[in-house]
Amino acid sequence: MILIDGKKAAAELRAELKQEVTELKGKYNKVPGLTVILIGDLTPSQIYVRNKEKSATEVGLKSEVIRYPDSVEEKTVLEKIKELNIDETVSGILVQLPLPKHIDKKKVIEAIDPSKDVDGFHPMNVGNLSSGYESSVPCTPLGCYLLIKKIEPNLNGKKAVMIGRSNLNGKPMTQLLLKENCTVTITHSKTKDLKAECLEADIIIAAVGIPELVRGDWVKKDTIVIDVGINKTDNGIVGDVHFDEVSKNAKALTPVPGGVGPMTIACLLKNTIECFKRSQI
Ligand code: NAD
């Protein structure tokens, strides 16, 4: 079985991006800029943002974090986004989710200029992705896609089963697989026989949030299995896939941690650079 090393893949991607930033600096005499808005003091969000900032700086991007307390008014955040939308030094804007209850996530996402929407959550980017047009692609599915392509460059006609239909993971992932000519089945909490669906798959992507849901006997030989899940349990962090069981059958499998997670941040940097390049045309 191939253990898909997300840390290594992310380090390789960051090295490529660093090189690209150097070239862009030479060509345009400026570098792409990423601005993250962080509201409140939720520990996971603080950690994610710190890692994003560190990685952005490492590849040579201009990186900025704007912090607000939990009590910040929605209009203050919306006004800041308006300012960032017209700031030429800002290529990408990311508002770290989740937001406090009194702030409307939809309004915030829609306030971001789609050309600076590095998370790919703006309805315009969602529509562009599903229509097959150029768009920012949400970072986690983009990372999964790049990992799958490393194992199997030609996905033509492969049967892919997506477990989970979230806007963050499941839906954009299926669009990327469709673009590659996969036959895609989207499964979710109301799917009647998930095991039977999985047994048909050449590729399984699990983005559910249920520890070790996908068992060894759900996976036929030679399946590529991508585990997006991050679940805190008494035995530490585990994915949505039962690693020990599935590793006996799968052709390739991502570990948790060290699989999809590191690629997510690297893809955020990639998206920021893509937004910068498109803005220079
Ligand atoms: P979500 O809660 O928005 O969506 C979960 C999906 O799973 C839903 O579509 C639901 O229908 C489906 N589901 C629930 N129970 C099911 C069942 N029994 N069988 C089949 N489908 C079922 O979750 P999300 O935001 O997509 O995140 C999913 C997981 O991925 C979480 O563990 C999250 O922490 C993790 N995650 C990881 C990264 C990363 O970088 N690795 C990024 C984002 C999310």
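**Exercise 1. The ligand site**

How far does a polar side-chain atom of Ser-166 lie from an oxygen atom of the ligand? Describe the surroundings of the ligand.

Solution. The model is a predicted one, in which local features need pLDDT of at least 70, side-chain atom pairs count only at pLDDT 80 or more, and totals for chains, interfaces and linings use all residues. Residues are numbered from 1 along each chain as its sequence is written, and side-chain values use heavy atoms, with hydrogens and water left out.

Step 1. The distance for Ser-166 is 2.6 Å. This is a polar contact (a pair of N or O atoms within 3.5 Å).

Step 2. Look for further pairs of this kind. In the side chain of Thr-264, an N or O atom is 2.8 Å from an oxygen atom of the ligand. With Ser-189, a polar backbone atom is 3.1 Å from a ligand oxygen.

Step 3. Work out the cover. The ligand taken alone exposes 870 Å², and the protein buries 70% of that (accessible areas by the Shrake-Rupley method with a 1.4 Å probe).

Step 4. List the shell, meaning residues with a heavy atom within 4 Å of the ligand. There are 21 such residues, and the closest are Arg-165, Ser-166, Asn-169, Val-228 and Thr-264. By class, 9 are nonpolar, 11 polar and 1 charged. Here Ala, Val, Leu, Ile, Met, Phe, Trp, Tyr, Cys and Pro count as nonpolar, Asp, Glu, Lys and Arg as charged, and the others, Gly among them, as polar.

Step 5. Assign the shell to elements, where helices (H or I, at least four residues) and strands (E, at least two) are DSSP runs numbered from the N terminus. Helix α10, residues 260-279, gives the largest share, 3 residues.

**Exercise 2. The cavity**

Which residues line the largest cavity? Characterise its lining.

Solution. Step 1. A cavity is a set of points on a 1 Å grid over the protein atoms alone where a 1.4 Å probe fits but cannot get out; lining residues have an atom within 4 Å of a point. The count is 1 cavity of 30 Å³ or more, and the largest holds about 50 Å³ of space.

Step 2. The lining consists of Ile-93, Leu-94, Val-95, Leu-97, Val-108, Ile-109, Ile-112, Asp-117, Asp-119 and Phe-121. Two elements give two or more residues each, β4 (92-95) and α4 (105-111); β4 gives the most, 3 residues.

Step 3. Sorted by class, the lining has 8 nonpolar, no polar and 2 charged residues.

**Exercise 3. Backbone features**

Where are the cis peptide bonds, and where is Glu-212?

Solution. Step 1. Most residues other than glycine have a negative phi, and most peptide bonds are trans.

Step 2. The bond from Leu-97 to Pro-98 is cis, with omega near 0 degrees. Pro-98 sits in the loop between β4 and α4.

Step 3. The bond from Val-256 to Pro-257 is also cis; Pro-257 belongs to the loop between β11 (252-253) and α10.

Step 4. Glu-212, in the loop between β7 (203-206) and β8 (224-227), has a positive phi near 55 degrees.

Note on methods: A residue is near a molecule or strand if one of its heavy atoms lies within 4 Å of it. A polar contact is a pair of N or O atoms within 3.5 Å; within protein, one must be able to donate a hydrogen and the other to accept it, and residues adjacent in sequence count only if both atoms are side-chain atoms. On a 1 Å grid over the protein atoms alone, a cavity is a set of points where a 1.4 Å probe fits but cannot get out, and a pocket is an open set with protein on both sides within 12 Å along at least five of seven lines; lining residues have an atom within 4 Å of a point. Grid points are joined across faces, edges and corners, and a volume is the space filled by probe spheres set on the points.
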